Amino acid sequence: MVFSSLSFLYLFFPLCGLAYFLCRNRAWRNGVLLAFSLVFYAWGEPKNIILLLLASLTAYLCGLGLERWKPRPGLRRAVFLVGVVLLAGNLFVFKYLNFFCGNLGRAGLPVSVPEIALPIGISFYTFQILSYVIDLYRGEIQVQRNFFYLTLYVSFFPQLIAGPIVRYQTIEAEILERRESLEDISAGLRRFVLGLAKKVIIADNVGHIAEIIYKGEAEMYGSALYWLAAVAYALQIYFDFSGYSDMAIGMGRMFGFHFLENFNYPYMALSITDFWRRWHISLSTWFRDYIYIPLGGNRVKKSRWVLNLLAVWALTGFWHGAQWNFLLWGLYYGVILLVEKLWLGRLLDKCPKPARWLYAMVLVLVGWVIFNLTDFGQMSGALGMMFRFAPTDWAKVLAADASIVKGLLYLPLGLVFSAPLLPKLRARLPKDGWAGALVLAGENLVCLGLAVLSVIYVIGATYDFFIYFRF
Amino acid sequence: MKPFGKLLNLCFVLALLAFFLLGLGKAILRPKEVNEYENRTASRLELPALETVLDGAFQAGVEDGLSDQVPLAQVMKKLYNEGGSRLVLGAMSGFLETKPPYYVSLLGTKIFAGDYLVYDTYTMERVEENLQKKAENLNGQFAAHPELDFYAYYIEKDTDVNLETGEKPGIYEFLAQTLDLPKGHMARFEVNGFGDFGRDFFRTDHHWNRVGSYRGYREVLSLLGVEDEPLEPLGEETVAQGFSGSKAGSAGMRGVFTEDFTAYRFDFPAMEITVNGEPAGDYGNQEAYFDGTAAEPLSYGNFYGGDFGQVVFDTGRADRENLLVVGESFDNAMLKLLASHFGKTYSVDLRNYERSMGSAFAFAPYVQQHQIGTVLLIGNCDYFTMPEFRLEG
């Protein structure tokens, strides 16, 4: 189930909210959240729920073992390693085994390629579970002795299938002790509606531009449109992903959970280092804390540090999918970050802001082309078109698929709202007194309007005219 | 602001909750039967079963059901589609006004010459297998009924010719070679390019217009060897401006792409008409639309007559032969014209016959019971390929 589906909006979400707030007891409320979370996951993939429960059970048993054998470091370490290997191995089998076997087969080795479907959200929930096991091993959190609460953490539906990657320590206390308030519920709902609107109004529409251009003939579209496709894809992925994060954070807040932010206007970044402080924050900090720093961070010899950084970024790329282009995408950022840290960063600091922004955006756009196009021939063709001048045949472009115009109409919305205009506007508006009440009323009205508009977009997209029914 | 803030927040939360819960309640308690806007049976929420949950059919059904049943769903679809189309067409108006003589893809549909909604040209690969099956089906009947005169009239449309290049996939030629009909018993409504298509077809509907259907009528008379003079139009009248046909509907562009609906007036001879076995005052509502008294919204089917399982036209002229027309919606516009030349004309639409008449169509007893001498098989490529249009046997 996805948040922007009618099943979620009309069935799941209101029923879950009602059931939750009708319960007075914390344990019952947690029970409602767990039950609805499992239904949420099973809705899309009923059979894979078993995998999720097994992964939770592994973490649970591993946690109990780590707690029990605290006085025996060797055994504790063994339990930890077994847990990590099992969880990471599970991710490897379901996400990467096909890829590796396929490549070994192509290399001429007698390997058959297993047909394993990728379970939804496995990368997100595996990383969450790993953070629990690792933090517990490090002694940074308390063991969770209640299997259902641990499963609730793993399967909690707002962040289950598209993040953010919520660490156990972020919500450890809130599982048992949290306060839901009307203010939190309404603020959470507003955040949810904003996220929904970002996804269905902006992301889904600007997405058509890149889709149309990349499936068409390269020569027809010319350089300008290839840049446009990169911009459109950048906006699509940002509004889609950050929209989901907004919805997750908003829903978490409604139920009294406070997740950390996952995006901070990444297209305002003035360098690639800055970009990665603003983009998918929960993932980059996960890799920093659980891979980069344990490898020694920057407190090792330079050559080792370079290797560590590239390894972390290769893994970051690979986390996004079992394709070579994701690996390349990760390494691309690894190399740029390396160069920025070694010397370019200091040079950039001396440049005017517009130049730094332009530098960052050009590299980010190139990165999105690498990320988007799994076919290396198409990828190099697209990048080639961006960096050599080729004119656009507009008549042919419109004839091939004039729906591109629809995407173009939404592009300005995407560009405007990828800048932090709303927070700046909100900061200027009064918060107290009558004026504050008016502002709140206005915000609520806008959000109601956006909710209805988003539903119109969701329902409108299901249009299915049957020509032979009757005339 | 605190007390007001609480009140405002409470109102906001309750309003959103009510919006979604009322939608769910209406979808469950007061479902619609028909989705008029999308011209189909409305999907409804069904109870889950283990099997349907495991294979995802239940989940998909909930999504479909909600999209049809929540309050104002059809208004929302209309707003979304027409609003979106108007926005895009507004932005493209300069380009489309140049009437580019080539296909322009737009929001899942194709436009030719700026304002004709058109289909892609079929390829032989796409239709050959089903054409072959249809031909075998018909050849079986031809062989089984040597006492009958069979005629086939194939209606070419935009799927039969590339309007840009004039190239044709050769569907008619294939049928002509495959059907075991005597020479002169098969003909086609020929469309060789945009000149023919633009003249003979609606811009927003998938049917032929008054010019095309009248040409078809005269060609069918000639094919059947009818020696009467054809009925001549008394004149033509614009029944409505702003007509949006089936193609506009399927593209979600009803009201966006429009045209005049102009029709010929005829002085039809008196005839008794029964529809699905029940006496009917008329087939179609031509007079009511000409007079401006029609209650139903204007469509090709409402004007000329619908795709009923069986329609019988009886001119009371026992000296004339009886005709059986096995066809589809294209023949709706010529049935009354054609019936003027026969004693009784039986029109059968195999898609709807069993549902309307209570039993499956059985060709042999039917022609015997109604003393049919001539059988006309008439339709466009879809008629000659869709399994629903096959005779039994």
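1. Crossing of α9(A) and α18(A). In this predicted model, helix α9(A) crosses helix α18(A) in a left-handed sense. Helix α9 covers residues 182–215 of chain A and helix α18 covers residues 404–417 of chain A; they pack at an angle of about 125 degrees, and their axes are 8 Å apart. That angle makes α9(A) oblique to α18(A). On the α9(A) side the contact is made by Ile202(A), Asn205(A), Val206(A), His208(A), Ile209(A) and Ile212(A). Their counterparts in α18(A) include Ile404(A), Leu408(A), Tyr410(A), Leu411(A) and Phe417(A). By class, the contact of α9(A) with α18(A) has ten nonpolar, four polar and one charged residue.

2. α9(A) and α10(A). Helix α9(A) also packs against helix α10, residues 218–254 of chain A: the two axes come within 6 Å and cross at roughly 160 degrees. The two helices therefore count as roughly antiparallel, since an angle over 145 degrees is put in that class. This crossing is left-handed. Into the contact of α9(A) with α10(A) go 27 nonpolar, seven polar and seven charged residues.

3. α1(A) and α2(A). Another helix pair in chain A is formed by α1 (residues 6–22) and α2 (residues 26–44), which pack at about 165 degrees with 9 Å between their axes. Helix α1(A) is thus roughly antiparallel to α2(A). The crossing here is right-handed. Phe12(A), Cys16(A), Ala19(A) and Tyr20(A) of α1(A) meet Arg29(A), Val32(A), Leu33(A), Phe36(A) and Phe40(A) of α2(A). Eight residues of this contact are nonpolar, none is polar and one is charged.

4. Domains of chain A. How many residues of each domain take part in the contact? There are 22 from domain 1 of chain A and 18 from domain 2 of chain A. On the domain 1 side, α4 (73–106), α5 (122–137), α7 (157–160) and α8 (168–176) of chain A give two or more residues each. Helix α5(A) gives the most, with five residues. The domain 1 side of this contact divides into 13 nonpolar, six polar and three charged residues.

5. Contact between the chains. Chain B puts 57 residues into its contact with chain A, and chain A puts in 49. The elements of chain B that supply at least two residues each to this side are α1 (2–29), α2 (50–54), α3 (57–69), α4 (73–96), β3 (103–106), α9 (246–250) and α11 (300–304). Which of them gives the most? It is α1(B), with 16 residues. The side of chain B that touches chain A consists of 34 nonpolar, 18 polar and five charged residues.

6. Domains of chain B. For chain B the assignment gives domain 1 (24–71), domain 2 (75–118) and domain 3 (124–389). The centres of domain 1 of chain B and domain 2 of chain B, over C-alpha atoms, lie 30 Å apart.

7. The three-stranded sheet of chain B. Strands β3, β4 and β5 of chain B form an open sheet in the order β3-β4-β5, with antiparallel pairing. Strands β3 and β5 (116–118) of chain B each have a single partner strand, so one side of each is left without a neighbour in the sheet. On average, and with direction ignored, neighbouring strands are turned by 40 degrees against each other. The pairing of β3(B) with β4 (residues 109–112) of chain B is antiparallel and runs over four bridges. In one of the bridges, Leu106(B) is partnered by Thr109(B) of β4(B).

8. The eight-stranded sheet of chain B. A further open sheet in chain B has eight strands in the order β7-β6-β15-β13-β14-β12-β10-β11, and its pairing is mixed. Strands β7 (186–189) and β11 (278–280) of chain B are at the edges, each pairing on one side only. From one strand to the next the twist averages 20 degrees. Within this sheet, β10 (residues 272–275) of chain B and β12 (residues 310–314) of chain B pair in the antiparallel sense over four bridges. Glu272(B) is opposite Asp314(B) of β12(B).

9. A helix on the sheet. Helix α8 (residues 210–224) of chain B lies across β6 (149–155), β7 and β15 (374–380) of chain B. Relative to β6(B), helix α8(B) runs at about 155 degrees.

How values were computed:
Residues are numbered from 1 along each chain as its sequence is written. Chains are lettered from A and ligands numbered from 1 in the order in which they are written. This is a predicted model: local features need pLDDT of at least 70, side-chain atom pairs count only at pLDDT 80 or more; totals for chains, interfaces and linings use all residues. Two residues are in contact if their C-beta atoms, placed from the backbone, lie within 7 Å. Ala, Val, Leu, Ile, Met, Phe, Trp, Tyr, Cys and Pro count as nonpolar, Asp, Glu, Lys and Arg as charged, and the others, Gly among them, as polar. Domain bounds come from an automatic or database domain assignment. Axes are lines fitted to C-alpha atoms, for helices over the stretch in contact, and angles run from 0 to 180 degrees between N-to-C directions. Angles under 35 degrees count as roughly parallel, over 145 as roughly antiparallel, 65 to 115 as roughly perpendicular and the rest as oblique. A crossing is left-handed if the near helix is turned anticlockwise from the far one by less than a right angle, and right-handed if clockwise. Two strands pair if DSSP finds at least two bridges between them.
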